[in-house]
Amino acid sequence: MTDKIPPVLAVEKLTVEFPVGKPAEYRPAVKEVSLQVKPGEMVGLVGESGCGKTVTALSVAGLQPETARISHGKIRFQGTELLSLTEEQRSRLRGQELSMIFQEPMTALNPLMKVGKQIAEAARVHGASRQEAREKALSIMEQVGLPDAERLYGEYPHRLSGGMCQRVMIAMALLNRPALLIADEPTTALDVTIQAQILEVIRSMNREMGTAVLLISHDLGVIRRMCSRVYILYAGQVVESGPTEQVLSQPIHPYTKGLVASLPSLSGRGKKLRPIPGTVPPLEERDGKGCPFYNRCERRRPQCEAGSPPRLEKNGRMALCIDAKEEWGL
């Protein structure tokens with residue numbers, strides 16, 4: 001039945017390029033990325049820094065840097081092609097139907113404006129009266145677990161802890177009950193206890209409001225706990241996807257296997273963690289030839305360097321790797 005439910009978000013073969021060098025040559029930071037998020041679903045987007053997670057998210061929200069160009073692909077939100085909308089039309093969607101939480105709340109909040117007013121402003125720009133906006137702001141502040149909402153309403157961001165500021169950002173994002181919430185590394189700068197609290201707030205909002213969530217993280221442990229499906233991104237390409245538990249317990253792509261092998265496990269006492277050798281190739285080294293993971297892969301073969309890896313699918317899973325032929329018996 002869930003296969004017949006239309007997605008809230010459908011990204012199809014999205015390619016986002018940035019200029020590199022002089023004279024400038026455009027290279028893809030995101031290359032032919034396809035993903036879906038359905039109503040009430042929580043989906044993970046995983047990868048190391050530099051893999052294109054944030055560029056993908058910003059492009060969906062229409063907030064990509066001015067130097068970026070979307071050279072190919074489609075972004076459909078609730079059936080509407082976002083790339084065909086004007087900036088004014090996309091701006092109306094942001095904060096109402098589509099919201100985003102950034103990883104650094106202190107840089108996203110206005111230091112000169114009281115937090116309550118910043119939250120209420122999200123309602124005001126969409127037509128609420130001053131009193132209605134205040135009431136909605138106080139209500140959502142309580143829902144996201146901000147203590148003594150009446151007092152905090154009149155505080156400035158610098159008076160709040162990092163965890164509280166992140167809750168303010170979540171309150172702003174959820175104020176108008178959006179159909180989709182994009183959470184970009186929402187707990188990176190927080191300690192472990194506050195991390196757990198923030199993730200629980202997002203999970204509760206997902207369950208109670210039915211908000212679809214695209215959760216971006218480099219932390220497989222968080223993704224495993226929170227998401228029903230996951231997309232693994234490497235050097236701008238989705239190299240593996242599928243149900244989270246299947247992907248993380250039986251990974252196919254060598255990059256996914258490397259991520260899982262580097263993850264500490266409570267049941268793996270004495271198990272030696274294996275970091276992935278090398279680093280994500282910078283834009284100037286991405287020439288589009290061969291497998292992007294070739295130089296770091298322990299299973300590389302001559303054909304992996306020469307040609308693009310095959311995109312193989314089976315039972316709701318996808319892997320951009322020749323290994324899938326053998327492991328899936330294709």
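User: How far apart are the mean positions of the positive and negative charges of the chain?

Analyst: Lys and Arg count as positive, Asp and Glu as negative, while His and the chain ends are not counted. Each charge is placed at NZ of Lys, CZ of Arg, CG of Asp or CD of Glu. For the 43 positive and 37 negative charges of the chain, the distance between the mean positions is 3 Å.

User: On what kind of model do these values rest?

Analyst: Residues are numbered from 1 along each chain as its sequence is written, and side-chain values use heavy atoms, with hydrogens and water left out. Local features need pLDDT of at least 70, side-chain atom pairs count only at pLDDT 80 or more, and totals for chains, interfaces and linings use all residues, since this is a predicted model.

User: How many helices and strands are there in the chain?

Analyst: Both are DSSP runs numbered from the N terminus: helices (H or I) have at least four residues and strands (E) at least two. By this rule, the chain has 13 helices and twelve strands.

User: Why is the chain as compact as a globular protein of that length, and what is its radius of gyration?

Analyst: The radius is taken over C-alpha atoms, and the globule rule is 2.2 Å times the number of residues to the power 0.38. For 330 residues the rule gives 20 Å, and the chain is close to this, so it is as compact as a globular protein of that length; its radius of gyration is 21 Å.

User: What percentage of the residues in the chain is buried?

Analyst: Buried means under 20% relative accessible area, exposed over 50%, and partly exposed in between (1.4 Å probe, protein chains only). Of the 330 residues, the buried ones make up 51%.

User: Is Asn 295 buried or exposed?

Analyst: Asn 295 sits in the loop between H11 and helix H12 (302-306). Because its relative accessible area is 67%, Asn 295 is exposed.
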